[in-house]
Amino acid sequence: GMEDVKKMVIRHEGMRNEPYKDSLGLWTIGVGHLIGNGKSLPPEWNRKFSNEEVMNLFEKDFADHVKIAEQTPSYDKANEGGKGAFIDLAFNMGKWWPKWPGTKAKLEQEDFAGAAAGLKDSKWYTQVGRRGPEVVGMLRAGLGTAGAKPEGNLPESAPMPSSMPTEPTAGPSVAAATAPTTPSAASRYP
């Protein structure tokens with residue numbers, strides 16, 4: 001469930017109680033929480049945060065990124081593991097799929113294995129360490145749980161329920177086009 005997805009995001013992002021510069025040199029706190037635009041550290045953020053403060057920031061960030069993930073093409077067709085992968089991707093990259101047209105097209109066709117292959121064959125995959133194989137494996141299966149083993153131990157494809165429509169969606173919804181994006185890591189992996 002969602003608690004498993006939260007634990008996975010915390011595992012992937014790490015959790016720090018004091019401000020630090022992330023791999024791109026942006027000021028960050030807690031579980032990947034970007035401080036302002038990340039370019040400077042305001043004095044009021046230059047302190048040690050309690051676990052409660054860090055988790056309060058994370059809960060709000062997590063809710064914001066679930067809203068972004070829900071806009072991902074075919075999110076509603078994914079099972080729990082696939083949705084977990086979309087949430088983790090949103091937490092990592094914000095609204096990422098418009099910048100990945102080939103992968104976006106696969107998602108619109110509900111081709112999760114094809115979308116997973118697109119993620120695997122990317123600069124992102126080489127930069128995110130263990131996160132890449134785990135997220136790609138969850139998306140490729142399209143099923144399973146948030147605790148799915150990294151790719152390689154998963155079946156190559158999952159049977160599709162016969163009740164599932166096979167037509168690709170007409171395109172992004174109006175909500176996807178107008179929803180605000182967070183200033184998170186949306187532009188980190190072009």
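Which residue stands opposite T28 in β2? I looked this up and found Y20 standing opposite T28 in β2, where strands are DSSP runs of E with at least two residues and helices are runs of H or I with at least four, both numbered from the N terminus.

**Ground rules.** I note that this is a predicted model, in which local features need pLDDT of at least 70 and side-chain atom pairs count only at pLDDT 80 or more, while totals for chains, interfaces and linings use all residues. I number residues from 1 along each chain as its sequence is written, and the side-chain values I quote use heavy atoms, with hydrogens and water left out.

**The hairpin.** I find β1 and β2 running antiparallel and joined by 3 bridges; two strands are taken to pair if DSSP finds at least two bridges between them. Between the strands of this hairpin I see 5 residues, and G25 has a positive phi near 80 degrees there.

**Helix α2.** I checked the span of α2, residues 51–69, which has 19 residues: at 1.5 Å a residue it should span 27 Å, and its end C-alpha atoms lie 26 Å apart, which agrees. The expected span is 1.5 Å times one less than the number of residues. Among the buried residues of α2 I list V54, L57, F58, F62 and D61, buried being under 20% relative accessible area, exposed over 50% and partly exposed in between, with a 1.4 Å probe and protein chains only. I record that the cover over the buried residues of α2 includes α1, β1 (16–21), β2 (27–30), β3 (33–34) and α3 (80–93).

**H12.** I place H12 in helix α1, residues 2–13, and I count it as buried because its relative accessible area is 18%. Leaving aside neighbours within four places in sequence, I find H12 in contact (heavy atoms within 4.5 Å) with D88, R131, E134 and V135.

**The whole chain.** I read 8 helices and 3 strands, in the order α-β-β-β-α-α-α-α-α-α-α from the N terminus on. Buried residues make up 46% of the 190 residues, and of the contacts with a separation of 6 or more, 58% come from residues 24 or more positions apart.

**Confidence.** I note a mean pLDDT of 81 for the chain, with 75% of its residues at 70 or more; pLDDT is the predictor's confidence in each residue, from 0 to 100. Over residues 143–190 I see pLDDT staying under 50, and the model has 75 contacts beyond four places in sequence for them. Where pLDDT is low, the predicted coordinates should not be read in detail.
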